[in-house]
Amino acid sequence: EYMGIFSNQNHGKGPKGAGTRLDLSIKCVRKEAPADLDSANTRLVLEHCGAREDAGPVRMSHEIGIYNEKRTKRVDLGQLCVKDCPAARDDGNSRLVFRRLDGPDEGPVCYGHVVGLFTESADKRLDMSTMGDPNHESWATAVYAFMLDQEGEVVRDDFVCDGGARVTGGCTV
């Protein structure tokens, strides 16, 4: 099991929907980062859009904002911050997993936890240094994460993100 991160234009359709999908390769992001790069730009914090005070578990049906640890950058799937990233792209660089970095890497990831976002193969991670303004609100900055099966189909969208107990997973139903 793995997840995909999609722009809110996707409407929960995963790879079959419209919009964009985050891919951690140079085909999509402006700066590719190895998994062992640990910096304020690879350490991330998640916020529940519209309910920023939420400190509970990240539920994948929520619209989320992904920020760097210092909250000076925000994931932006618009053309200024990423290259061509179609929702249909389903490969090892777009199959992703959150891993908790500020505590035990088990149990649910909650809003406010410090996490890393890694590829399914754990060879790359998200580097936020080329991402956008943390105050920008748009279709490209409010994203959804959906659990996907091995064929890339949306399994469900209401699961809780787990701390990465499995190498190729990280999200449990």
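**Pairs that tie the chain together**

A: Let's start with Glu-137, which counts as partly exposed, with a relative accessibility of 46%. Keep in mind as we go that this is a predicted model. Glu-137 has a salt-bridge partner in Arg-74, and their closest N and O atoms sit 3.1 Å apart. The two come from distant parts of the chain: Arg-74 is in the loop between S4 and S5, Glu-137 is in the loop between S7 and S8, and 63 residues separate them. Arg-74 itself has 0% relative accessibility, so it counts as buried.

Stay in that S4–S5 loop and you'll also find Arg-71. Arg-71 makes a salt bridge with Glu-47, with 2.5 Å between the closest N and O atoms. Since Glu-47 belongs to strand S3, this pair ties together parts that are 24 residues apart in sequence. Strand S3 covers residues 44-48. The side chains of Glu-47 and Arg-71 also show up as a polar contact of 2.5 Å. Here Arg-71 is partly exposed at 36% relative accessibility, while Glu-47 is buried at 12%.

Another pair to look at is Asp-127 and Lys-31, a salt bridge whose closest N and O atoms are 3.7 Å apart. Asp-127 lies in the loop between strand S7 (124-125) and strand S8 (143-148), and Lys-31 in the loop between S1 and S2, so parts 96 residues apart in sequence get tied together. Asp-127 is buried at 4% relative accessibility, and Lys-31 is partly exposed at 40%. In total, the structure has 12 salt bridges.

Now for the cysteines. There is one disulfide in the structure. Its ends are Cys-28 and Cys-85, with 1.9 Å from S to S. The torsion about that S-S bond is about 115°, so the disulfide is right-handed. Cys-28 is in the loop between strand S1 (2-7) and strand S2 (33-34), and Cys-85 is in the loop between strand S4 (64-68) and strand S5 (96-100), so the bond ties together parts 57 residues apart in sequence. Both ends are tucked away: Cys-28 is buried at 0% relative accessible area, and Cys-85 is buried at 2%.

So the S4–S5 loop keeps coming back: Arg-71, Arg-74 and Cys-85 are among its residues.

Notes
Residues are numbered from 1 along each chain as its sequence is written. This is a predicted model: local features need pLDDT of at least 70, side-chain atom pairs count only at pLDDT 80 or more; totals for chains, interfaces and linings use all residues. Side-chain values use heavy atoms; hydrogens and water are left out. Helices (H or I, at least four residues) and strands (E, at least two) are DSSP runs, numbered from the N terminus. Buried means under 20% relative accessible area, exposed over 50%, partly exposed in between (1.4 Å probe, protein chains only). A polar contact is a pair of N or O atoms within 3.5 Å; within protein, one must be able to donate a hydrogen and the other to accept it, and residues adjacent in sequence count only if both atoms are side-chain atoms. A disulfide is a pair of cysteine sulfur atoms within 2.5 Å. A salt bridge is a side-chain nitrogen of Lys or Arg within 4 Å of a carboxyl oxygen of Asp or Glu.
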